[in-house]
Amino acid sequence: MTIENAIRPGCQTPGRPMSPPVRDVRRLSRRLVDHLASSVPPFTTLRAEVMAGEVSALVRVCVEWSIQRMNGDTEPAPTDRLNAAAAKWAKDGIPIDAVLHAVHAGFKAGLDLLFARTDVNGSDDIVEGTTAALELLNLITSTVSKAYVREHRADAAEHHTAVHTLTSALLGGHATSKMARECGIQIAAEYFVLAVSLPSHPDESHPRLDPHVVARRKLRRVQAALADQCGDTSLSLLSVDGGTILVPATSCAESELDDMLRALSEAALVPIRATVLTAAADDVASAADRAHDLLDTVHQLGRGPGLYRFAELALHYQLTRPGIGRDILHARLAPLDDHPELMETLRVFFSMDLNRQRTARILHVHPNTVDYRLRRIGQLTGLDLSPTEGLWYLRSALIARVSGDRQDASMGDRQPA
């Protein structure tokens, strides 16, 4: 029997598309399912039990609704059944494009079947039937799409919660294999531990924009770029101001982290500063503390955007640690407090790698003026800049002074008015 013969001539009346009894709705649904299974991909590749169960049930619901709708009935749309089925497909990992392709392929076959024996002279009825068919197609498409979005949002939220839980545990020093299994995320043997600083986006100070919205968008761009760079292997705890990123050491080479940070900066549209250490899973907590301490040092020294390693700034880090040594170094520059031009000359001189000519150009003075100021600095501090030891001591004192000044200013900002 052909598809067209699935509807008996006696089941329809002139001027109406069709109004078959229940037994013919069932037979119509069976014939449509058989046609889909034999001739319409991707139904041809589905297992027989799937076609006989889930597909058959949905086809019958849609056929019944279509016929009732074309006959003027006002039965509610079959969204509950569609919602449940689409949610299951999403959970099973079936791509939404495959589902929608199957819907349209099945719909075309259904239209052929529903209208094959309709009176060609009943143009009004054909228009009414086509309107109902398009209404059903729109209903199915929107229901499936919404169900997929809900399921994927739920999966994303669940994954985000798992990532947050495991990352917090690693940074707190109490992650366990049991927790990893419950989160569904494997703990790596070793991580690159990045402390990240996200500066404000210029639009956060725009008078016509909500700074909180702008900041959240910046953060989402960073998170999306991190996912593009590392997939689902990285762990992170990030706020709009920065945070910590854990990258499994097996997922990339340490040298590739610089490119990753540049990609995050490009996505955030802000210059990002970060520091990195390598640590075993059990040492992530202490490594994160050291990485953030080192990041504080980067800020105190006024370093620009980029990724900094501990080996690059180990001396600076040590000199900026609170204690008697830093206090003594800090005090060696006290004689320059009343001579800001000398302090600025010293700072620029060291930043220009002791080059007097470049220092003079930056300060817009004659090189002889630089020489005079350097001699004056030596007289006031008691440290001769000619021997290497004097230069080393002054540079160390300048680093300690920068750190102390910034920390003193920070403490002053927190004092009550």
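Trainee: Where does Thr297 lie?

Mentor: This is a predicted model. In it, Thr297 belongs to helix H9, which covers residues 284–300.

Trainee: And is Thr297 buried or exposed?

Mentor: Thr297 is buried, as its relative accessible area is 0%.

Trainee: Which residues is Thr297 in contact with, leaving aside its neighbours within four places in sequence?

Mentor: On that basis, Thr297 touches His316, Tyr317, Thr320 and Arg321.

Trainee: What about helix H10, then? At what angle do H9 and H10 pack?

Mentor: H10 is formed by residues 310–319, and the two helices pack at about 70 degrees with their axes 10 Å apart. Angles of 65 to 115 degrees count as roughly perpendicular, and H9 and H10 are therefore described in that way. The crossing of H9 past H10 is left-handed.

Trainee: Which residues of H9 and H10 meet?

Mentor: From H9 there are Arg290, Asp293, Leu294, Thr297 and Val298, and from H10 there are Phe310, Leu313, His316 and Tyr317. Sorted by class, this contact has five nonpolar, two polar and two charged residues.

Trainee: A change of topic: how many disulfides are there?

Mentor: The count is zero. Cys230 is in no disulfide, and its nearest cysteine sulfur, that of Cys252, is 6.0 Å away. A disulfide would require the two sulfur atoms to be within 2.5 Å.

Trainee: Is Cys252 buried or exposed?

Mentor: Cys252 counts as buried, at 18% relative accessibility. Cys230 is buried too, with a relative accessible area of 13%. The cut-off for buried is under 20%.

Notes. Residues are numbered from 1 along each chain as its sequence is written. This is a predicted model: local features need pLDDT of at least 70, side-chain atom pairs count only at pLDDT 80 or more; totals for chains, interfaces and linings use all residues. Side-chain values use heavy atoms; hydrogens and water are left out. Helices (H or I, at least four residues) and strands (E, at least two) are DSSP runs, numbered from the N terminus. Buried means under 20% relative accessible area, exposed over 50%, partly exposed in between (1.4 Å probe, protein chains only). Contact means heavy atoms within 4.5 Å. Axes are lines fitted to C-alpha atoms, for helices over the stretch in contact, and angles run from 0 to 180 degrees between N-to-C directions. Angles under 35 degrees count as roughly parallel, over 145 as roughly antiparallel, 65 to 115 as roughly perpendicular and the rest as oblique. A crossing is left-handed if the near helix is turned anticlockwise from the far one by less than a right angle, and right-handed if clockwise. Ala, Val, Leu, Ile, Met, Phe, Trp, Tyr, Cys and Pro count as nonpolar, Asp, Glu, Lys and Arg as charged, and the others, Gly among them, as polar.
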